[in-house]
Amino acid sequence: MSQVAENQSPLQPSSQHDEVVSPWLDAWRKFRKNKLALFGAITVIFFIILGILSPWIAPQGINDQNMANTLQAPSSSHLLGTDDFGRDVLSRIIHGARISLWVGFLSVVGSIVMGCLLGILAGYYGRWVDTIISRLFDIMLAFPSILLAITIVAVLGPSLQNALIAIAIINVPNFGRLIRSKVLSVKQEEYIMAAKAIGMKDSRLLMKHILPNSISPIIVQGTLSIGTAIIEAAALGFLGLGAQPPQPEWGQMLAESKAYITTAPWTMIFPGLAIMLTVLGFNLMGDGLRDALDPKMKH
Amino acid sequence: MSKTLLQVHNLKKHFPIYGGILNKKVGEVKAVDGLTFSVKEGETLSLVGESGCGKSTTGRLIMQLIEPTDGSVIFEDQSLTELSKKQVRLTRERMQMIFQDPYASLNPRHSVQKILEEPLIVHGIGSKEERKQRVKEMLEVVGLSSYHAKRYPHQFSGGQRQRIGIARALMTKPKLIIADEPVSALDVSIQAQVLNLLQDLQKKFQLTYIFIAHDLGVVRHISKSVAVMYLGRIVEIADSETLYNGALHPYTKALLSSVPIPDPTIQKESIPLSGDLPDPSKPPQGCAFHSRCEACMDVCKTQKPTLMEVEKDHYVACHLYEEDKQFNDK
């Protein structure tokens, strides 16, 4: 052994106290350098805080009607004006942040869980499992997604919860296909062969080795999809299939105010702006995450 | 004499080739075509051959990472080919593998601690503290330091990573280690270090190695016996000394002549191999090597030579020596 010890000495790293850089820490450092992504993240965090604190920071209740004060232009008492029932638009947007983010987040989590499960099974086991799952995805993708969502809501009945379920279902194939293709490449890696050689069960192999190494495109796609899901929820709300009045969901607010687009444009502009900013924030953040998590962009 | 640890009998792996619009089977690659050999406890058998000759496939077949088409693998008097999937998994505690590419064989998202303790977790060995202790010990054994446990693979050099790979293979105290070209991805200077480490570990833990390599020079010192493979078959198998001093098969001779000698004054006879390795899905009729053989005879083009013992423990599959033997018998 002494010979080994001698041979080893030039291989020793310079210092014992070198910093330990985990892959996630490394990604965060790269993300931090990206100004646009940081702006996106701040926007998103701003809306999340708005949503969480809405009951305390909204100047007025969501459903406080004031018939003497309908369709008021923005002023010092109503910063973003009032709608056709005299309700404060700002307060409704703040409460709407909670609903929209909740729908966006939950539906994407639902899609990811279902998509990952199906995608991993298809990618790892291949053969007939893959054929069945992939063809199912193809069928779902053959429908225009919003049409499929409308159909699902029509079957389940219009409500915010059903809109959420519909949005989760229509996004499953996107995630499923993404993770399937990633699993197909990850399972060829030698460390997967090494894990099998150790004598590991399939379940452990999938959860501890294949999933963590396939998940980064899902995180990126997930972030981008929250934006899309918010738009889809707004679209369903606009069509009267999502949130029901008087819930202050942003899309639903747009739908209610479409009659006043010329006379009281603020009732429409501000909810629209809120949707746009949130989606933009998620998109910028998603792009930043993609750059940070892409191994090919290493230094 | 020590007892036989691993016996491989008539091992075959044929990979089907699918093609055409109906995805029908149109042919097959005989990656491994009837291997028979055995390894005794504490010894090293090297499998040598060009790329594509089936040596890595053999390693994986022995580990049961891929299912053999035919034949049997008997490890510690247990036939692995007859065991259930779960039982095979459990035998991996006693047989482990070292991989070729140290950059690809370690999970980039796991720290060294996690990589090394995983075999113990999988086989339910030790408590959390004991495992931690064992990881530290093993890091020292392979010539790294215990504080390396917290780091990630990308923070190490190739040689260091290969030491981690070796440590992982040793965690469960296995008896048999299948080393699949463990040094071919490393610099020459590091190769020597890793080979020395493997030899030291063999003495220390009474390990048995199956050492897969494409370079006869690398395996000379580490192996007790050497098997030379060509297109899925063993063409010559002998004790290391016998093989290096008196190789008989024309293919082995050609391989040996290509090993560089670190002395420029020695002029050695070079036997160049002409042509490429034939398409393994359409191996030549008769002896698979006849298309590149210098001593090719008519019989080589029609009849497959069988592995025959020409001296004690020295087997060759070549018509040249079959005739000799017949001649001598008369």
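In which order do the eight strands of the open sheet in chain B stand? The order is β6-β7-β8-β3-β9-β10-β12-β11, and the pairing is mixed. This briefing concerns a predicted model.

- From one strand to the next, the twist averages 20°.
- Within the sheet, strand β3 (residues 44–48) of chain B pairs with strand β8 (residues 208–213) of chain B in the parallel sense, over five bridges.
- In this region B:Val48 stands opposite B:Ala213, a residue of β8(B).
- Helix α6 (residues 188–205) of chain B lies across β3, β6 and β8 of chain B, and runs at about 160° to β8(B).

- B:Thr208 belongs to strand β8 of chain B.
- With a relative accessible area of 1%, B:Thr208 is buried, because the cut-off for a buried residue is under 20%.
- Leaving aside residues up to four places away in sequence, the residues that B:Thr208 touches include B:Leu5, B:Val39, B:Lys40, B:Glu41, B:Gly42 and B:Glu43.
- Further contacts of B:Thr208 include B:Lys175, B:Leu176, B:Ile177 and B:Gln202.

**The four-stranded sheet of chain B**

- A further open sheet has four strands in the order β2-β1-β4-β5 (chain B), with antiparallel pairing.
- Its edges are β2 and β5 (78–79) of chain B; each has a single partner strand, so one side of each is left without a neighbour in the sheet.
- Helix α1 (residues 55–62) of chain B packs on this sheet, where it touches β1, β2 and β4 (70–75) of chain B, and its direction makes about 70° with that of β2(B).
- Strand β1 (residues 4–19) of chain B is joined to strand β2 (residues 24–40) of chain B by 13 bridges in the antiparallel sense.
- Four residues lie between the strands of the hairpin of β1(B) and β2(B), in which B:Gly20 takes a positive phi near 75°.

**Helices of chain A**

- Helix α7 (residues 160–186) of chain A comprises 27 residues and reaches 38 Å from its first C-alpha to its last, close to the 39 Å expected at 1.5 Å a residue.
- At A:Asn171, α7(A) bends by about 35°, and a proline, A:Pro173, follows within four residues.
- Helix α9 (residues 202–214) of chain A has 13 residues, yet its end C-alpha atoms are only 16 Å apart, short of the 18 Å that a straight helix would reach at 1.5 Å a residue.
- The buried residues of α9(A) include A:Leu205, A:Leu206, A:His209, A:Ile210, A:Leu211, A:Asn213 and A:Ser214.
- The cover over these buried residues includes α4 (89–125), α7, α8 (190–198) and α10 (216–238) of chain A, together with α3 (112–122) of chain B.

- A:Met140 is located in helix α5 (residues 127–142) of chain A.
- Its relative accessibility of 18% counts A:Met140 as buried, because the limit is under 20%.
- Not counting residues up to four places away in sequence, A:Met140 touches A:Leu148, A:Ile169 and A:Pro173.
- A:Met140 and A:Asn174 are 34 residues apart in sequence, while their C-alpha atoms are 9.8 Å apart in space.

**An enclosed helix of chain B**

- Helix α9 (residues 250–257) of chain B is largely enclosed by the rest of the structure, because seven of its eight residues are buried.
- The buried residues of α9(B) are B:Pro250, B:Tyr251, B:Thr252, B:Ala254, B:Leu255, B:Leu256 and B:Ser257.

**Cysteines**

- The count of disulfides over all chains is zero.
- The closest cysteine sulfur to that of B:Cys318 is in B:Cys293, at 6.1 Å, which is too far for a bond, because a disulfide requires sulfur atoms within 2.5 Å.
- B:Cys318 counts as buried at 8% relative accessibility, and B:Cys300 counts as buried at 7%.

Methods. Residues are numbered from 1 along each chain as its sequence is written. Chains are lettered from A and ligands numbered from 1 in the order in which they are written. This is a predicted model: local features need pLDDT of at least 70, side-chain atom pairs count only at pLDDT 80 or more; totals for chains, interfaces and linings use all residues. Side-chain values use heavy atoms; hydrogens and water are left out. Two strands pair if DSSP finds at least two bridges between them. Helices (H or I, at least four residues) and strands (E, at least two) are DSSP runs, numbered from the N terminus. The expected span of a helix is 1.5 Å times one less than its number of residues. The bend at a residue is the angle between axes fitted to the seven residues ending there and the seven starting there. Buried means under 20% relative accessible area, exposed over 50%, partly exposed in between (1.4 Å probe, protein chains only). Axes are lines fitted to C-alpha atoms, for helices over the stretch in contact, and angles run from 0 to 180 degrees between N-to-C directions. Contact means heavy atoms within 4.5 Å.
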